Amino acid sequence: MNSVARTSWRTLQPGSSPSWACASCRRALGHQTGQPPPSVLRGSRRRGVSSSSAAKQQQQQAGTGTGTGAGPAAGAEAEAYAPRMERLRAYYKHKNRTTMNYALSIILGTVAFSYGSVPLYKMICQTTGWGGQPVRAPGHGGASGSGGDDVDPSTRMVPVTTAPRIRVTFNASVSDVLPWKFVPQQREVRVLPGETALAFYTATNRSDSDIIGVATYSVTPGQVAPYFSKIQCFCFEEQRLNAGETVDMPVFFYLDPDMLNDLNMRGVNEVTLNYTFFSAST
């Protein structure tokens, strides 16, 4: 006899696993527990999945239909949106152009100011004596109509013999890149207010090539500058020296007598004239 494993009916009771039972046993177990067999459950799951897929397809079709119906409304909205974008583009284009014009104007103004600042500074300093720059004669100092430009400059070149003499010293220097020797021929002179004086500087080109130099000057103390009048000088003018050449450069000046009426000039008994040479060409 074939030995068949006998299984108790209790194993088919609810709560036990029927996965090993035959189809007849599972149906019988379903009738007893009131639950559908597993095959029925799997079929219902498949139908549920297929029904959900169908619902999604219907929703997509409905959405496609709605989008097709809303096409004219979307087109009208896009047409209304286009002019606003054009206005925005025009506004920002105008704003960018204005900003570019302002930036270009600032750049051009800066370049023009950088080129014009040197002669402008020179003119202001020579006119007002600001920054220790001596005032170039003729005719300065005093108010208009009482010794100003309307008065003959020669009337100001009258020594005031009752005033003490003022010691004028001379200083000279050259730029580090300029191979020149530049020195004053005299250390100092003593002059009266209104008295003219002549001084000399000597410049020597120590290089093997021709060089052009430009001299700048200043006066210390600074409050003397409006009264230090130069009739002739070599400052701010290009001086060309050949290789090994030596030249004498004169300075003809006087101290304006109006300095005696300036309270700021009281106690000033010494004035220093400084010259510095720079290279004007490479």
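Phe236 is partly exposed, with a relative accessible area of 25%, where buried means under 20% relative accessible area, exposed over 50% and partly exposed in between, for a 1.4 Å probe and protein chains only. The structure is a predicted model, in which local features need pLDDT of at least 70 and side-chain atom pairs count only at pLDDT 80 or more, whereas totals for chains, interfaces and linings use all residues. Residues are numbered from 1 along each chain as its sequence is written, and side-chain values use heavy atoms, with hydrogens and water left out. Phe236 is placed in the loop between S7 and strand S8 (239-241), and its phi is near 60°, a positive value in a residue other than glycine. A further backbone feature is the cis peptide bond that joins Thr220 and Pro221, with omega about 0°; Pro221 is found in the loop between S6 and strand S7 (228-232). As background to both features, most residues other than glycine have a negative phi, and most peptide bonds are trans.

The chain has three helices and 10 strands, helices (H or I, at least four residues) and strands (E, at least two) being DSSP runs numbered from the N terminus. Read along the sequence, these elements follow the pattern α-α-α-β-β-β-β-β-β-β-β-β-β. Of the 282 residues in the chain, 27% are buried. Tyr217, which lies in strand S6 (residues 211-220), is buried, with a relative accessible area of 2%. The C-alpha atom of Tyr217 is separated by 6.8 Å from that of Cys235, and the two residues are 18 residues apart along the chain. In strand S2 lies Thr169, which is also buried, with a relative accessible area of 10%. A separation of 6.3 Å is found between the C-alpha atoms of Thr169 and Val271, which are 102 residues apart along the chain.

Charged contacts were examined next. Side chains of opposite charge can pair when their charged atoms come close. A search of the whole structure finds eight salt bridges, a salt bridge being a side-chain nitrogen of Lys or Arg within 4 Å of a carboxyl oxygen of Asp or Glu. One of these is formed by the side chains of Asp256 and Arg156, with an N to O distance of 2.8 Å. Asp256 lies in the loop between strand S9 (246-255) and strand S10 (270-279), and Arg156 in the loop between strand S1 (135-136) and strand S2 (166-174), so the pair ties together parts that are 100 residues apart in sequence. Both partners are buried, Asp256 at 0% relative accessibility and Arg156 with a relative accessible area of 9%.

A salt bridge is also formed between Glu188 and Arg167, the closest N and O atoms being 2.5 Å apart. This pair links distant parts of the chain, with Glu188 in strand S4 (residues 188-191) and Arg167 in strand S2, 21 residues apart. Glu188 is partly exposed, with a relative accessible area of 30%, and Arg167 is likewise partly exposed, at 23%. Glu188 forms a salt bridge with Arg190 as well, in which the closest N and O atoms are 3.8 Å apart; Arg190 is partly exposed, with a relative accessible area of 48%. Through salt bridges that share partners, Arg167, Glu188, Arg190 and Glu270 are joined into one network.

Tyr92 is found in helix H3 (residues 71-128) and, at 47% relative accessibility, counts as partly exposed.

The second largest pocket has a volume of about 160 Å³. A pocket is an open set of points, on a 1 Å grid over the protein atoms alone, where a 1.4 Å probe fits, with protein on both sides within 12 Å along at least five of seven lines, and lining residues have an atom within 4 Å of a point; a volume is the space filled by probe spheres set on the points. Among the residues that line the second largest pocket are Ala163, Pro164, Arg165, Met259, Asp262 and Arg266. By class, the lining has seven nonpolar, two polar and three charged residues.

Notes:
Ala, Val, Leu, Ile, Met, Phe, Trp, Tyr, Cys and Pro count as nonpolar, Asp, Glu, Lys and Arg as charged, and the others, Gly among them, as polar.
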